[in-house]
Amino acid sequence: MSGAIWAFLAFVLVAAASLIVVVVVFSRGTSPRSGHDGVRRVRQVITLARVAAAVLAVRMVVDVSALGVHGQGLALAPAVVAIVWVIGGLAAEMVTRSALRDGGAGLEVRDVRRYLPRRGAQLLGLGLGLLVAATVITTLAAGPDGRSLSYSCGPGCSGTRTPWPGTFYTTPLAVAFVILLILVVVNIRLVVSRPRGALEAPDQAADDATRASAVAATLVVVSLAVAATAAGLMMFGLLPAALAADEPWTSRAALAAMLAAGALAAAAAVSLLVTALSPRPAPARSER
């Protein structure tokens, strides 16, 4: 088990480092250009916050994975990494809150639909729904200790399998994801409501692209956390159980839901990552 855990950690570290390189290198030059000092400052602060949060998140993977017993900390690592990233985004928004207030107040109504990548957000919603359904199934099917599955394979035949994603794993996961989703909502609200003065059309388009990229990047992290959590629960709990011929149907149903959730979350991450790296001006209210 320890070899698999370290292999999983190595995969997470390499993936995080690759994501940093992709975000920093390929996001340059893809956004609408602006000569406005405030717009440039917002972009620079957000980029610095992303890099700092990504570096800190890699460190958190090692620290959180050592917490708890029986892989409990390892199961929490994706959600904790996502929380660290979103907190970095919150810090960037607080620092740049007044960066665009010069030039008077702009009379406009902005809402989240203006900057939300619809297709990626819908895929993420489906992935989250499937992950919740699979988690409920495994939690209800788990034994009293919350980390094993007892089953009957016929007259005089029974067994117990562990680890199994019962309350021992799913309760802290639920708490972590609730905290993550609350922080995501607050972060997106701050991005959308960041005050903006009277800007020229090119500067306003650049600012809209920055906001759309920030919203998409935040949802990318949630998608990756969902996909990594689904993969972890499959690798260390469901997959060995589902491959056994004498296991109950619950393990196979939960595995199918986990696979679907992971695939949808990965597809959402790709779609949102494209939006984050190639931001375009948000459509005007009259165009939606």
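**Salt bridges and an aromatic pair in a predicted model**

The side chains of glutamate 93 and arginine 194 meet in a salt bridge, 2.9 Å from N to O, in what is a predicted model.

Student: How many residues apart in sequence are the parts that glutamate 93 and arginine 194 tie together?

Tutor: Glutamate 93 belongs to helix H3 (residues 72-95). Arginine 194 lies in the loop between helix H5 (167-193) and helix H6 (201-243), so the pair ties together parts of the chain whose separation in sequence is 101 residues.

Student: Is arginine 194 buried or exposed?

Tutor: Buried means under 20% relative accessible area. Arginine 194 has 0% relative accessibility, so this residue counts as buried.

Student: Why are arginine 40 and aspartate 37 separated by about one helical turn?

Tutor: Their side chains form a salt bridge of 2.7 Å, N to O. Both residues belong to helix H2 (residues 37-65), and the separation is about one turn because they are three residues apart.

Student: Which kind of pair do the rings of phenylalanine 168 and tyrosine 169 form?

Tutor: A search of the whole structure finds one aromatic pair. The ring centres of phenylalanine 168 and tyrosine 169 are 5.1 Å apart, with the planes at 85°. Planes over 60 degrees apart count as edge-to-face. The pair is therefore edge-to-face.

Methods. Residues are numbered from 1 along each chain as its sequence is written. This is a predicted model: local features need pLDDT of at least 70, side-chain atom pairs count only at pLDDT 80 or more; totals for chains, interfaces and linings use all residues. Side-chain values use heavy atoms; hydrogens and water are left out. Rings of Phe, Tyr and Trp (its six-membered ring) pair if their centres lie within 6.5 Å; planes under 30 degrees apart count as stacked, over 60 as edge-to-face and the rest as tilted. Helices (H or I, at least four residues) and strands (E, at least two) are DSSP runs, numbered from the N terminus. A salt bridge is a side-chain nitrogen of Lys or Arg within 4 Å of a carboxyl oxygen of Asp or Glu. Buried means under 20% relative accessible area, exposed over 50%, partly exposed in between (1.4 Å probe, protein chains only).
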